[in-house]
Amino acid sequence: MRYFQVDVREEPTEYGYMPVLQLYLLEGKDKPRPIVIIAPGGGYESVDSEEDRVVSQYNAAGFHAAVLRYSVSPHCFPQPERDLMQAIGLVRERAREWGILRDRVAICGFSAGGHLCACVSTLWKKLGDERCKPDAVILCHAILTAELDHCKNFIVAHVGSGDREVQELAFCDRQVSGDTPPTFLYTTYEDKLANVENVLYYGEMLTKHGVPFEMHVLPGGGHCAPWCDDLIWAKSVGGRDFNYIRLSVEWMRELWRL
């Protein structure tokens, strides 16, 4: 495996922060592979650093992986979203050099990172262009809807502005369109933050706009609880196999006929 990191921007942000993409590329440039760009959670206050389990699972399944260290507070919407779109564009620009299939770029977000990925998947056309459109979107315990007060309040805080039009852009369920890429949704019954209703509202909008999606609501596990160990990507830590990363791998393989 090759590990290295690259700056996402040419210059730091107005607050002096440089978003970084950490790449975990499997060997063999002669065999281009899909890549999953991971956006960890952290409530837009920080970027969680416990992504090793996720990276190892996607690598073990034959996918390149990358982790985006995106802008957080005091940055607000749409700076983190632009970070992710620039990361997607960068991966496509360097696809041949890095051995990546440029039309097989997935983004995978957790909690706030899930909201970030959902924003990019619904706003890529308004905020960017075709280069930054993901080919598949994986949303795990994501905050998605304006229909539930606790989710709406979280999103409004991320926007950091009382401008209703800007807030509306960040309400992911209201921005779904026919241009939204295929989406994988996951949460659990026990998650009280990115709860079941939150995901169902989003699924309803995907259905309304004819966007293919797969949804899993599993009974056990709180917000972003891990379901695998650090070494064996397919091994469950519980009695039942709730490995949603493996489910997302199977979904991508079917979506892309891998």
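Buried means under 20% relative accessible area, exposed means over 50%, and partly exposed lies in between (1.4 Å probe, protein chains only). The model is predicted, so local features need pLDDT of at least 70 and side-chain atom pairs count only at pLDDT 80 or more, while totals for chains, interfaces and linings use all residues. Residues are numbered from 1 along each chain as its sequence is written, and side-chain values use heavy atoms, with hydrogens and water left out.

Helices (H or I, at least four residues) and strands (E, at least two) are DSSP runs, numbered from the N terminus. Two strands pair if DSSP finds at least two bridges between them. Strand β2 (20-25) has six of its six residues buried, so β2 is largely enclosed by the rest of the structure. In a regular strand the side chains alternate between the two faces of the sheet. Both faces of β2 are covered. Val20, Gln22 and Tyr24 are buried on one side, and Leu21, Leu23 and Leu25 are buried on the other. Strand β1 (residues 2-7) pairs with β2 in the antiparallel sense over six bridges. Here Asp7 stands opposite Val20. Strands β2 and β4 run antiparallel and are joined by five bridges. In β4, Arg69 is the bridge partner of Val20.

Strand β3 (33-39) is likewise enclosed. Seven of its seven residues are buried, so β3 is largely enclosed by the rest of the structure. Strands β3 and β5 run parallel, joined by six bridges. Ile37 stands opposite Ile107 of β5. Strands β3 and β4 also run parallel, with four bridges between them. Val36 has Ala65 of β4 as its bridge partner.

Helix α1 (residues 52-60) has the buried residues Val54, Val55, Gln57, Tyr58 and Asn59. These residues pack (contact means heavy atoms within 4.5 Å) against several elements, including β4 (64-69), β6 (136-140) and α9 (244-256). Strands β2, β3 and β5 (100-110) are also among the packing partners. Gly62 follows α1 and has a positive phi, near 95 degrees.

Most residues other than glycine have a negative phi, and most peptide bonds are trans. Tyr44 is not a glycine, yet its phi is positive, about 60 degrees. Tyr44 lies in the loop between β3 and α1 and is buried, with a relative accessible area of 4%. Ser111 also has a positive phi, about 55 degrees, although it is not a glycine. Ser111 is found in the loop between β5 and α4 and is buried at 11% relative accessible area. A cis peptide bond joins Ser73 and Pro74, with omega about 15 degrees. Another cis peptide bond joins Phe77 and Pro78, with omega about 5 degrees. Pro74 lies in the loop between β4 and α2, and Pro78 also lies in the loop between β4 and α2.

Side chains of opposite charge can pair when their charged atoms come close. A salt bridge is a side-chain nitrogen of Lys or Arg within 4 Å of a carboxyl oxygen of Asp or Glu. By this rule the count is seven salt bridges. One of them joins the side chains of Arg92 and Asp135 (2.8 Å, N to O). Arg92 lies in helix α2 and Asp135 in the loop between α4 (112-127) and β6, so the pair ties together parts that are 43 residues apart in sequence. Arg92 counts as buried at 8% relative accessibility. Asp129 and Arg131 also meet in a salt bridge (3.2 Å, N to O). Asp129 is partly exposed at 32%, whereas Arg131 is exposed at 57%. Glu168 forms a salt bridge with Arg174, with the closest N and O atoms 3.1 Å apart. Glu168 is partly exposed at 30%, and Arg174 is partly exposed at 36%. Salt bridges that share partners join Glu147, Glu168 and Arg174 into one network.The second largest pocket has a volume of about 320 Å³. Of its 14 lining residues, the closest to the centre are Met85, Gln86, Gly89, Leu90 and Arg131. On a 1 Å grid over the protein atoms alone, a pocket is an open set of points where a 1.4 Å probe fits, with protein on both sides within 12 Å along at least five of seven lines. Lining residues have an atom within 4 Å of a point. Grid points are joined across faces, edges and corners, and a volume is the space filled by probe spheres set on the points. Helix α2 (residues 79-93) gives the most to this lining, with six residues.
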